[in-house]
Structure formats: C-alpha cells, structure tokens
Amino acid sequence: MKGKKWPRPFVALLIAAMMVILAACSGGSGSDAGSNPPSGHTGGTDTDSQAPSEQKGEPLKLSIMVPAFSTELPDKSSPVWQRLEEYTHTDLEIIWTPNSSYSDKLNITLASGELPTIINVGKEPSVISAVRNGAFWEVGPYLKDYPNLSQANEIVLNNTSIDGKIYGVYRARTLGRMGVTYNMVWLENLGLEPAKTIDEFYDILWQFTYNDPDRNGKDDTYGMTVTKYTGPWDIMQVWFGAPNKWGEDENGKLIPDFMTPEYREALKFFRKIYEEGLVNEDFAVMDPAVWNDPFINGESGVFVDVADNARRLNNSMQDKEPRDKPYTGVFQAPVGPKGHRDLPTSGWSGMFVISKSKVKTEEELRRVLEFLDRLNDVEMKLLLGYGIEGRHYDLVDGYVVPRDLDASLKKEIEGFNQLLMFLGEPEPGYEETEINQMINEVWEANEAIVVGNPAEPLVSEVYGRVGQQLDNIIGDARIQYIVGQINDEEFDAAIDLWMRSGGEEYIQEINELYEAAKAH
Amino acid sequence: METTIHTTDHMKSEQRRSRWAKFKKDLWLYILLFPGLVYFIIFKYLPMWGVVIAFQDYSPFLGVFGSKWVGFEHFRNFFNNPDFFRLLRNTLILAVYDLVFFFPAPIIAALMLNEIRVGIFKRIVQTAIYVPHFISMVIVASMTYVFLTTNGGVINELVYMITGQKINFLGDPAWFRPLIIMQIMWKETGWGTIIFLAALSSVDVEQYEAAIVDGATRWQRLWYITLPAISSTIVILLILRLGNFLDTGFEQIFLMTNSLNRSVADVFDTYVYFVGITQGAFSYSTAVGLFKSVVGIILIYGSNYFAKKLGHEGII
Amino acid sequence: MNISSKYDSFGERVFDVFNYLFLTLFALITVMPFVYIIAGSFATEVELIERKFFLFPRDPSFNAYKYIFSSDTIFRSILNSVYITVVGTMTNLAFTLTMAYSLSRKDLMGRNFFMNLIIFSMLFSGGMIPGYLVVKGLGLLNSYAAVILPGAISAFNLIIIKNFFQNLPAGLEEAARIDGCSDFGVFWRIVLPLSKPIIATFGLFYAVGHWNNFFSALLYLNDNKKWPLQVMLREIVILSQFAAGDMSAMDPEFVEPPDQAVKMAVIVVGTVPILCVYPFLQKHFAKGVLLGSIKG
C-alpha cells in the first residue's frame, strides 16, 4: 500500500557479500491475522464459566502491542498465556515493547504499514494523524453493546476522544490520585491535625519549619520539599480555585489558568511560603530523582503528590527504623476559598485502538471488541494482574495473597498487567494495610472534588506548533515569581509575551474547538 | 576538421584505455574499497530520501508518498521564530566555548601524560581519567546537583566557609555555560586523550635521544618533535568537530536546564525536542537538522581548504 | 620512554612536580565518583538516602547484585553483549581498515569522489524511519546483523585512520612493492602490522560503541532473548526514573522501583567489563612500533 519497496534482490545480493563474517540469525515474523472467518457474535458473555464452551470455530487470531516494564517476559509456554487464549478463544500474539522505546517503535510500526490488530497508543501527533487518515476503527458507537466496555467513564472517554470521536478502549487509571502526605510523628509531636483548610495547611508548614517538629532541639527542618518537577504547584493552585489548565470566564469563554485571579492568589501564597523558608530554597534546580530523600531523612514533613507516594515514603522510613504505626498519613486536599477542589489525572494511560488494515469487517471488529470486553471479566483481571490461583497467588477471605515466587514462576505473569483496562466490576485485591486503606479512601473521596480540564479532548493546531514554547514562557515566569526574581508587573509582561507568541491564536482556536464540541 | 574529430576520438579512447589500465593496476585497491562503498550506498544513501520529509508534513502512517508537501514552510517557521536568534546565539556561544576550552583539553592532557616517565603511574592515570566516559549524563547531572546545591551541597558549603556567601551555580544563568563545559571536560577529556596517545606512539624514540644529545630542552623537544607528530591528528579532529559545530548535545543541556537559566540554556537541539513533543518531531526536526548539516558542510569544506592552504593535509 | 633526566633544568623539574600533582588530582576527581558508585552499589537504601557521598559503605550488602543477577537473563544478555561487541568490532575493523587503506592512496582514481561521498553522509542522514525500512527490506530484522551492519563504518573513524595511513613512511611501501608485493600484500603485511596502535585505538572506540549501544537493539531486536546487557540494565534504571515524576504512565499497582543501590550496581555491571579492556590495549600505545621497521 505504501509502495516503499526496495530493489530487494539487488540489495540482498550485495548484502550477502558483506555478511560472510556475520552469523546472522534472522527470524522471520509477519504472521497474517484476520484471515480466518469470523464466527457469529454471541451477545452476552458468560462470566462464570472458566472456559467458555459456547464459542465455536477456530480461535481468533490477534496481535496486540503493549509497553513492557520488565525485561523478562513470558512466552507461549506460560500457563497464564494459555489460559488467556483459552478463555478468550483466541490465538494471541503479544508484542511487548520496552516502554523506553515505545514511541519510536510505534512510529516505526505506523510507518511500516504492518499494524498489529490492537495497539496501545496515547494521543501523540503521529497517532492523531493516523486516526484522521482512517487507520483505526471508530469504536465509540459499539461500546454500549458490551457488558464491561459499556461501563467506561464518560469523562475519561471524552478525554481520550479525538475530534469528538472515540477510537479506543482506554486503560483506566485512578482519576483522583492526588493527596497530601504528612509525617505523622511530627503532627503528633506538635499536637496538630491534618489540614482541613489552606490556612491550616500553611500553619503546618510553618510549624514544621520553626517549631522543631522532630523535638531534637535543632533548627534543621522545613515544611515541604518541591523539585524542578512542577507537579506540586499545579496541584496546589487548584486548591485555591484556579482551573485545571483551562477555565471559563464570566462570559463562558475558555481562558488559560494563569489569567485567573485565583491563579495569582495561589502564586502569592507560593511566594510567601518560599520567602519564609517553608519549602526548600533550591527547589527550582532540584533533581526530581532525590525528591523523596528529605522527607525520608526527616528534613521535611509534607509531600504534595500522588497519594500512593505515602506508601513509598513510609516503606523507606520503616526500613530505616521500624515502627508499629505508619510514619506517614495521607489526606485529601485542604478546602480553599472556592470550595473543595483537587487536580485529577487524565484518568487513562493509553488506549487500545483497532487497526483497519488487520480488521477488515464490522463482524471481525465485533469479535475483537468482545476480546477486549472479556479481558475486563473478573477472572481475566485476576489472571492478568496476579496470575493463576494456587500457583501464583491464593484467595483468602476475598483478598489476594501473593505467593513467594521464584524467577521462573514470576516470569510467567510478567507483563500481562499491561493488557488490563480496569473497566467493569472491580476484582479482589491485596489485603489492605493501614496505609493502603488511607490511600484508597483518599482516591475514592477525590472522585467528588476533582476538577476537569474542559480543553483536554481538544486537539489544537496552534499548540502543536508553539505549545511547548508557550508553556515554557509561563512555566519559567511562575518559578521566577515564586523565588522572587520577578514581580507582578513582570509576570503580567510574561503573559503579554505569551499572548504575542501565539497564545492569542491558541485561545481563539481552543474556544472555537470548544464551541464545536459542545454543539456536537 | 576530420582529423580533429579523429584526434579527439582517439584521445578519448586513449583516455579510456589509460583509465582502464589504471583501474587494472589498482584493482586490489578497488577490491579493498568495495565493501565499504557498498556499505555507504546501502546504509547511508538508500535511506537518504528521508531528508525530503523536511519539506512535508510527514506522518509515519501516510509515509513519504502520502504525506502533504509543504515546501519551505518548516524552514520559514524556524527562521521566523521569535526565539531563533536567541537559540542561535546560545548555540554558537556554547559551541565556541566547547571549541576553545574543551577541544584542547585532551591534547594538553595527552602531552602531559607523555612527559610522565613512571610507566605505572602513567597507566593508572590514563585508566582513571577515562572512567567518566562510561558514566551516563543522567548520573553526571545528578551528582552535579548533589555537589553544587545551595541546600547542603559540599562545594557550596566550602564556598560558604571561605566567602560567607553561597553561589547559585545551578540557577544562575552566568554559571550555566561554565558548568556545561566543566562537565564535558570532566567526562570526556580522558577519553579524548586516547587518540592522541595513539598518534604519539608513532613518534620515533631515537628522535628524542638525538635531540637530547644535541642539547634540546624539554620545551624544544615538545615543540619540534612531539607536537608535529600529532599536529595532523589535531587538524583532522578540528575539521571534523567543525562539521558538528552546531551540535551541542541534547541530553546534557536538557538535564541542566531549569526555569531560572533557560534564557541561556535553550539551544537548537533542546528546542527541536520540545517542539517534537507537541508536534511530532519528524518534519520539523529534519528541517532543523538540514540547516545544521548545511552549516556543518560549509564549515568542513571551508576549514579543510584553510588547512590545506596552511600546508596541512586536511581530511580529503 | 626512558629518557634520562639528568639534563633537566630547574624549570623542567618544577614542571615535573606540577605535572605529577596535576595529573594525580585530575585522576582523583575523575575516579572518585566512580568509587562512590561502586561503594553505593554495596550500600543499603537507608545509607544512600542519609549520606550524600562516601567511599566505603557502612554495612555492606549484596542485595543490589542479588537483585540484578536474580535470573539467568542477565547472564544471557552479557553473552549477547560480548557476541555483539566482538563480532561487531571485527566487522567494523574489516570494513573500515580496508576502505581507509585504499582511500589513503592518493593516486587512486575517483578518490575525491569517494571522499566527498563519505563526508556528505556524515552530515546528512535519512533518519530513523528510513533506516529502519532499509534494515527491514534487507530482511535483517531481529538478527544481530541489524545491530551490527548499519554502523559498520564510522565515517569519523574512517577519515582519521585514512589520515594515519597517509602518514606512514612511503618508503616502506615502495620497498615492499619492489619485493613483488601486491597492493593487498602491502596492506596486509606492511601497513596493518605497523598500525597496531591505531587498530587498538579504533578497535576500542568501536567496541565501546557496541557495548554501550542499546538503541538499535531496542529498535531491531524483538526477541528479548537476544537483548544485550545495556538494554536490560537500562530498563531497570528507567523503571526507577519513572517513579520520580510521571504519574499517568504508572499503574496503580506499579512495582516499587528498584532502589538507588540497584541503579549504581547497574552502572558497575555495565561498565566494569568494558573498562577492563583498556589496560590490555594500553601496551600497544606504550612504544613506538615504527622504530625497528624503519631503521632496519
């Protein structure tokens, strides 16, 4: 189709001469899927039977490309793989691609014209262009027909949409993942409670800095560690009422967050806590790789990030000096002047798109979707997430108790969790420790207070062109304002520069896209 | 008339014959050349069509034949970019710093090593200074932070003890370029000496001995024997370096950039990366790459010309 | 180089002192961080977080190495790396030395054309996707040839080697030719033996390049059984970097990243084998090889 053909015999002849000294072991790959006749679609899926018997005909041949975070990946001899194929009645080829080279591999796959049946993609420019040129099926209208897929979250679906249409089944992630982690020992020492309001939050930072929270008689602590990574500022400004990247002004027009007065309020607060030494003075240059260290070392006592980091911090502190109760506690964001608000994540990490070159007919598409739907059955979630009961884990009182696995058993389950979409009924999990329970509570409660980004699904051409430059203008001005290098007028000047550098166009385009999407 | 034609014909065939004779004479040389030539054709020139995507809105899915042609649009965008001159300035200054401070470092180190007479000491030093080449930039940047931070970094503690003030090495734009060059010197000087040490190994020891007998001082020996022995290597490396003049290395700059020093830190390489995140790097970065290559080719041929004028060999 | 020092002036002796001092200091500065990395690889996570810099771990632990070597995959990948490095370097040298020699002969017809071809290719390249399509078109995907052949010649190295060959004394070749040697004979029997330091140097450059290369392995080798060491090690490190900032790419049940010590052990495991090559090559740099042959 693409017509990128090389004069192959000629080239091969030349290369043959060159390869005398090379022991080349070229492995041919290029299995063609989708050639077998599609079997009749059976509406409801049976989630109870271990191996559904209702399916007939040959197993569906499928290839699926997902990222891999492990270097030891299973092959078809893994019983997990076999059970997966059995349950979904498929002949499955899983193409695990190291996460570090995933985007390169994805682009190459797109360029080579040989797409797998299912690919995990984000909304990167090359994917958007492929979508617009008809590389993948629009699956939006079909989702309602499948028991699990139909339970996809509307907000997240909207976030994954491209030009207002749904092209993939997203892999769900916790939407309200943020939380404020405190050093509980310090809070107890000072007789403080976790902050309910921003004033209380400030008070904790102040007391952690100046009231000797570790009771060692030395002035060697401060409130909160921040690094070059701007996440904590992004989270905290939402507490103050700033929108999540884009918000509506009084006329219902979208404006970027930094043009709102709430953003400036937050910025003033950041500057104040910086001036007073409540955050580390070198945050603007600090290496994010050592972000956790001051908290673990008992130099700082507040951490604004994903809630689950509380567990990581606690684990490290327990390693240092075991304690019966956890060192850390994690709580929801404090309530600000505009109410209780927090920053969400996008709620997804990649989506499965289905290639039109592999899946030719609607009939086949339905079978592939059924496969994806089945991966969301509780049995499959357990299988992909934890392995096989009695081999890799046990179920005790409804909780998953992992077994101590040796390398070869561990390898059997490695990488399958990348196939999980976490849609539908939740599966059993690990028994909750005190800290995990806190994390889960924060996550659940957050669902009610997270603030969406109305512009998230919009694909802006201007942003594609100059977006990163625009982001840098404001991002740098923000940090310079916090550390006191520039004042309000200079920050306003940075906004002006932003407008002149394409920002004005960008706002206009976003608003047009937004109107169009609303009308849709 | 006829005769003239005849003569030219004759000359041509004569020429052909002499060429053929030359070819036959050098047959072995062509045989030796052949594998390399095939390599360059297949792996360098066959994929060379890739440069045309600089004139397209390339989409991997559509391929070169399906993507839209946009002419010089990316070049226009690049040159008309309000930041272009800042990027150019930052890139040029860093490149000049690199040339002035880093380029001579391995030469000086090699010459110093060459003056060492205790063999074992020389070997140990050689091995030690080449170690950092193997440490990734991520680690180097991390260690730089640990040593230099104003928040308890060893070096800043020392500075504080001496001067009573701390220096914001990592955030102060004035320190950005010196830091980059120092990192590179630390990391690559030892590695760079290897090639000069190899060149020095071809120096005839008897030459030194004869010079000593003639009463030449160490400086004279250095100036008249050692330096000439490596001068052609220096010239070649310099010319080749100029070919990559605008390459500042992406990773290092990227890691050392922050909101406080970006005004001096932004260079072409990091800019292309940032544009790539939002735009898909292909066409635009190819266009910027083409620009850098054209500059490089001009510098290579220009410096080669001057090298030859000055009586050196040059790269061709 | 045993040159007597009795002729040295006072200034030269001052220089000597300075020279030794400076090189010692420089060697210390370059090697200390690596010593720290080695020490850190044997330290506990707690110690690494508490102490910023140290040269000996407080209570040594082998946990990081146990983690890395917990499976046979890593051993297999070391073998893969050795294979790629050895075969790759031999390929590089074979291709580069032959071409460099023939181009070092100034009377070679078409020489300028070939040189320009090489210089041009050094600056202009088609980029990743066309390169990939060529390798794919040749049917080399998932074979080590895909990792080795596309980099068979570094134009940079080629030009320097060519220049080195040009500077070999012409008299030697003349003599050999009079003795009835063909061009190949000259190359094989005269030029190569005279070029040991340069072969050692560029062999080292190529070998280090192969040893450290992960990108083309990631790109071209789908089968993880073929992956070299650096890919394995890199994945381990990347895993821990992900924990630092990026949140959306992580699973809720994301595996805890390996700790600092593992990162450091990764550097040690990935570096020490190739570092050991250098001292063996050093002896080739030690003495001038031309001596005997010219004066003989």
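**Contacts between chains C and B, and inside chain A**

Where chain C meets chain B, 100 residues of chain C and 90 residues of chain B take part in the contact. Everything here comes from a predicted model. Put together, chain C and chain B bury about 8800 Å² between them, and carbon and sulfur atoms account for 73% of that area. There is a polar side to the interface as well: 20 residue pairs of chain C and chain B are in polar contact, counting pairs with both residues at pLDDT 80 or more. On the chain C side, helix H1 (residues 10-41) of chain C brings the largest share of what touches chain B, namely 17 residues. Salt bridges between chain C and chain B come to 4. One salt bridge joins Asp107(C) to Lys25(B), with the closest N and O atoms 4.0 Å apart.

Now for chain A on its own. Chain A splits into domain 1 (32-172 + 347-425), domain 2 (178-343 + 429-455) and domain 3 (460-520).

The C-alpha centres of domain 2 and domain 3 of chain A sit 26 Å apart. Contact between the two domains of chain A involves 22 residues from domain 2 and 21 residues from domain 3. Together, domain 2 and domain 3 of chain A bury about 2100 Å², with 66% of it on carbon and sulfur atoms. On the domain 2 side, Phe258(A), Arg264(A) and Arg271(A) lose the most area to domain 3 of chain A, and the three together make up 30% of what that side buries.

As for charges, domain 2 and domain 3 of chain A share 4 salt bridges. A salt bridge also links the side chains of Asp488(A) and Lys268(A), at 3.8 Å from N to O. Polar contacts across this domain interface of chain A number 8 residue pairs, both residues being at pLDDT 80 or more. Helix H8 (231-239), strand S7 (246-248), strand S8 (254-256) and helix H9 (261-275) of chain A each put at least two residues into the domain 2 side that touches domain 3. H9(A) gives the most to that side, with 7 residues.

Elsewhere in chain A, strand S1 (residues 60-68) runs parallel to strand S2 (residues 90-98), and the two pair over 9 bridges. The chain gets from S1(A) to S2(A) by way of helix H2 (residues 79-88) of chain A, in a right-handed β-α-β crossover. Within this pairing, Pro67(A) has Thr97(A) as its bridge partner in S2(A).

Notes
Residues are numbered from 1 along each chain as its sequence is written. Chains are lettered from A and ligands numbered from 1 in the order in which they are written. This is a predicted model: local features need pLDDT of at least 70, side-chain atom pairs count only at pLDDT 80 or more; totals for chains, interfaces and linings use all residues. Side-chain values use heavy atoms; hydrogens and water are left out. Two strands pair if DSSP finds at least two bridges between them. Helices (H or I, at least four residues) and strands (E, at least two) are DSSP runs, numbered from the N terminus. A crossover is right-handed if, with the strands pointing away from the viewer, the path from the first strand over the helix to the second runs clockwise. Domain bounds come from an automatic or database domain assignment. Contact means heavy atoms within 4.5 Å. Buried area is the accessible area (1.4 Å probe) that two parts lose on being put together, summed over both. A polar contact is a pair of N or O atoms within 3.5 Å; within protein, one must be able to donate a hydrogen and the other to accept it, and residues adjacent in sequence count only if both atoms are side-chain atoms.
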